[in-house]
Amino acid sequence: MSGLNTISVDVPASLLKISVKVGNENSIVIRPLALTDAPSIVEGVTESLPELKQFMPWSHFPQTIDSQRQRIIGTIQSYWLGDDYSFGVFGGDSGLFLGAIGFHRRMLNRLGLEIGSGERQRPDGVRLSGK
């Protein structure tokens, strides 16, 4: 019965990478976060704060490179425990952090996963993905 509460992933996070190309442009890469992503995540979060503060309680706390590195370490640990899977969405050509997507366990239904996503936005409301 405990198998119902576990997700099995046999691929190391460092090997997971999904590249999507639409025509000749607008390519994106979806991959697990790395510690080296922390500065660009802080930049994207800071730029998107007006939108984030409406929905995300964590966005009301200071966003620092160190706090993002600690969060990324937690996402790597959660990945290997089978509890949570977080990925960054990056511009395929630019490498710019565009947002995040993940599969998250929630207390209301430990058998299911919530799909969460967030997209980087400029303060004027323009989404950097163009969508």
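Patches here are built from residues with over 30% relative accessible area and no salt bridge, joining like charges within 9 Å and nonpolar side chains (Val, Leu, Ile, Met, Phe, Trp, Tyr) within 5 Å. A salt bridge, in turn, is a side-chain nitrogen of Lys or Arg within 4 Å of a carboxyl oxygen of Asp or Glu. Areas come from the Shrake-Rupley method with a 1.4 Å probe, and for residues only the protein chains shown count as cover. With that settled, F55, M56, W58 and F61 make a nonpolar surface patch of about 450 Å².

F61 sits in the loop between α2 (49–52) and α3 (65–81). It counts as exposed because its relative accessible area is 58%; the classes are buried under 20%, exposed over 50% and partly exposed in between (1.4 Å probe, protein chains only).

## What kind of model this is

This is a predicted model, so local features need pLDDT of at least 70 and side-chain atom pairs count only at pLDDT 80 or more, while totals for chains, interfaces and linings use all residues. Residues are numbered from 1 along each chain as its sequence is written, and side-chain values use heavy atoms, with hydrogens and water left out.

## The chain as a whole

The chain has three helices and five strands, running in the order β-β-α-α-α-β-β-β. Those elements are DSSP runs numbered from the N terminus: helices are H or I with at least four residues, strands are E with at least two. Of the 131 residues, 30% count as buried. The accessible surface comes to about 8,500 Å², and 60% of that belongs to carbon and sulfur atoms.

Take the contacts (heavy atoms within 4.5 Å) between residues at least 6 apart in sequence: 46% of them join residues at least 24 apart.

## The core

Nine residues form the largest nonpolar core: L33, A38, I41, V45, L49, L52, I72, F90 and F97. A core of this sort is a set of buried Ala, Val, Leu, Ile, Met, Phe, Trp, Tyr and Cys residues joined through side-chain atoms within 4.5 Å.

V45 is one of the core residues and belongs to helix α1. It is buried because its relative accessible area is 7%. Setting aside residues up to four places away in sequence, V45 touches L52, W58 and Q63. V45 and F97 are 52 residues apart along the chain, with their C-alpha atoms separated by 9.6 Å.

Strand β3 (residues 84–91) is well covered: eight of its eight residues are buried. In a regular strand, side chains alternate between the two faces of the sheet. Here D84, S86, G88 and F90 lie on one side and Y85, F87, V89 and G91 on the other, and all are buried.

β3 pairs with β4 (residues 97–106) in the antiparallel sense over seven bridges; pairing takes at least two DSSP bridges between the strands. V89 stands opposite G99, and F90 stands opposite F97. The two strands form a hairpin with five residues between them, and G95 in the turn has a positive phi of about 75°. L96 is in that loop too, and it is partly exposed because its relative accessible area is 31%.

G91, in strand β3, is buried because its relative accessible area is 10%. Beyond its neighbours within four places in sequence, G91 contacts S27, L96 and L98. S27 is 64 residues from G91 in sequence, yet the C-alpha distance is 6.2 Å.

How many salt bridges does a search of the whole structure find? There is one: R31 with D37, whose closest N and O atoms are 2.8 Å apart. Side chains of opposite charge can pair when their charged atoms come close. D37 is buried because its relative accessible area is 5%, whereas R31 counts as partly exposed because its relative accessibility is 23%.

Both partners touch F90: leaving out neighbours within four places in sequence, its contacts include R31 and D37, along with L33 and F97.
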